[in-house]
Amino acid sequence: MHHELILNDGRSIPQLGLGVWQASPQDTVTAVREALQAGYRHIDTASIYGNEEAVGAGLRESGVSRELVFVTTKIWNDAHGKENVRPAFQKSLERLKLDNVDLLLIHWPVPRHDLFVETWKAMIELRREGLARSIGVSNFTSAHLRRLIDETGVAPVINQIELHPYLQQREMRETHNRLGVLTQAWSPLAQNRALANAEIERIAAKHGKTAAQVVIRWHLDNRFVVIPKSVTPSRIRSNLDVFDFALDASDMASIATLNRDERLGPNPETFGA
Ligand SMILES: NC(=O)c1ccc[n+]([C@@H]2O[C@H](COP(=O)([O-])OP(=O)(O)OC[C@H]3O[C@@H](n4cnc5c(N)ncnc54)[C@H](OP(=O)(O)O)[C@@H]3O)[C@@H](O)[C@H]2O)c1
């Protein structure tokens with residue numbers, strides 16, 4: 001059932017994971033436990049979400065071995081720079097009660113501070129030490145990616161960006177393919193706004209699946225890593241039940257026409273004080 005993609009550092013990542021942004025600590029414990037017991041093997045958190053402790057607790061409560069679960073966390077905007085990355089990351093590990101994470105991301109590039117290259121160098125050290133098994137970025141533009149690679153020679157394994165049927169990110173996807181960086185989709189359901197779409201509903205009815213399952217399948221069929229968030233156990237389970245069907249060429253073509261370059265989140269060029 002589990003599909004994994006290969007990262008450019010030779011490791012692999014489960015293509016479908018659970019996101020926990022805006023989930024309270026209490027909901028996060030339950031959601032992570034339920035997800036892992038249902039078969040998820042990938043959890044996406046961040047220090048800014050305020051639920052890393054809960055992710056760790058859910059993981060332990062699930063009874064699933066830590067080694068079988070891919071855990072991602074992120075360096076927040078106030079922890080960029082040589083001196084700040086390591087202590088911020090150590091606190092994440094302490095909250096998670098883990099010895100390492102599978103993936104550590106720079107959450108936002110914060111171009112105004114221009115510290116993301118320095119931050120990246122500190123993360124390369126953390127990877128050498130095995131504390132972050134893989135390292136990547138989030139919300140980076142093509143120019144930001146280019147700079148990381150030019151100035152350090154180390155490409156991120158992944159760039160986690162806002163991506164859903166209403167924001168299909170064709171240019172970023174081309175950049176990623178050229179650089180060997182995987183595309184990871186955040187707000188993959190457009191925070192559930194993509195689910196009430198007539199075309200998605202038509203495709204869902206045709207396959208006997210739900211709108212959410214169609215949108216998640218669209219991400220998988222595009223080779224994105226996808227991390228739908230839910231704290232509702234029945235949705236957590238149904239969002240994983242997407243490995244028994246595939247979208248055909250006409251479904252993919254029809255969803256491609258839904259793009260309207262509509263961002264729900266901030267613009268990476270300007271976000272972060
Ligand atoms: N790197 C970044 O800057 C960044 C930014 C935003 C998000 N993220 C990551 O991406 C993850 C996902 O993004 P997101 O949380 O913004 O939005 P999302 O996954 O697109 O949508 C989540 C919303 O959809 C609902 N939902 C989930 N499954 C559903 C289903 N089967 N049917 C109907 N509704 C459903 C959820 O409700 P319930 O929970 O109430 O069930 C929640 O309201 C986040 O949790 C986070 O891990 C990263």
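This report describes the surroundings of the ligand and then several individual residues in a predicted model.

Residues are numbered from 1 along each chain as its sequence is written, and side-chain values use heavy atoms, with hydrogens and water left out. Because the model is predicted, local features need pLDDT of at least 70 and side-chain atom pairs count only at pLDDT 80 or more, while totals for chains, interfaces and linings use all residues.

## The ligand and its shell

The ligand sits in the largest pocket. Here a pocket is, on a 1 Å grid over the protein atoms alone, an open set of points where a 1.4 Å probe fits, with protein on both sides within 12 Å along at least five of seven lines, and a molecule sits in it if more than half of its atoms lie within 2 Å of its grid points. The ligand is surrounded by 27 residues, of which D44, S187, K229, S230 and T232 are the closest; a residue belongs to these surroundings if one of its heavy atoms lies within 4 Å of the ligand. By class, this shell holds 13 nonpolar, 11 polar and 3 charged residues, where Asp, Glu, Lys and Arg count as charged, Ala, Val, Leu, Ile, Met, Phe, Trp, Tyr, Cys and Pro as nonpolar, and the others, Gly among them, as polar.

| Residue | Protein atom | Ligand atom | Distance |
|---|---|---|---|
| V20 | backbone N or O | oxygen | 3.2 Å |
| Q160 | polar side-chain atom | nitrogen | 2.9 Å |
| S187 | side-chain N or O | oxygen | 2.7 Å |

On its own the ligand has 910 Å² of accessible area, and the protein covers 88% of it, as computed by the Shrake-Rupley method with a 1.4 Å probe.

## Residues with side-chain contacts

Within protein, a polar contact also requires that one atom can donate a hydrogen and the other accept it, and residues adjacent in sequence count only if both atoms are side-chain atoms. R66 lies in the loop between α2 (52–62) and β5 (70–75), with helices (H or I, at least four residues) and strands (E, at least two) taken as DSSP runs numbered from the N terminus. R66 counts as buried because its relative accessibility is 17%, given that buried means under 20% relative accessible area, exposed over 50%, and partly exposed in between (1.4 Å probe, protein chains only). The side chain of R66 reaches the backbone oxygen of V69 at 2.8 Å and also makes a polar contact of 3.0 Å with the side chain of D102.

Q168 is found in the loop between β8 (158–162) and α6, and it counts as buried because its relative accessibility is 2%. A polar atom of the Q168 side chain lies 2.8 Å from the backbone oxygen of I255.

## The loop between β9 and α7

A190 lies in the loop between β9 (182–186) and α7 (198–207), and Q191 lies in the loop between β9 and α7. Neither residue is a glycine, yet A190 has a positive phi of about 55 degrees and Q191 has a positive phi of about 50 degrees. A190 counts as buried at 1% relative accessibility, whereas Q191 is partly exposed at 35%.

## Two further positions

R170 lies in helix α6 (residues 170–179) and, at 40% relative accessibility, counts as partly exposed. F70, in strand β5, is buried with a relative accessible area of 6%.

Terms used: A polar contact is a pair of N or O atoms within 3.5 Å; within protein, one must be able to donate a hydrogen and the other to accept it, and residues adjacent in sequence count only if both atoms are side-chain atoms. On a 1 Å grid over the protein atoms alone, a cavity is a set of points where a 1.4 Å probe fits but cannot get out, and a pocket is an open set with protein on both sides within 12 Å along at least five of seven lines; lining residues have an atom within 4 Å of a point.
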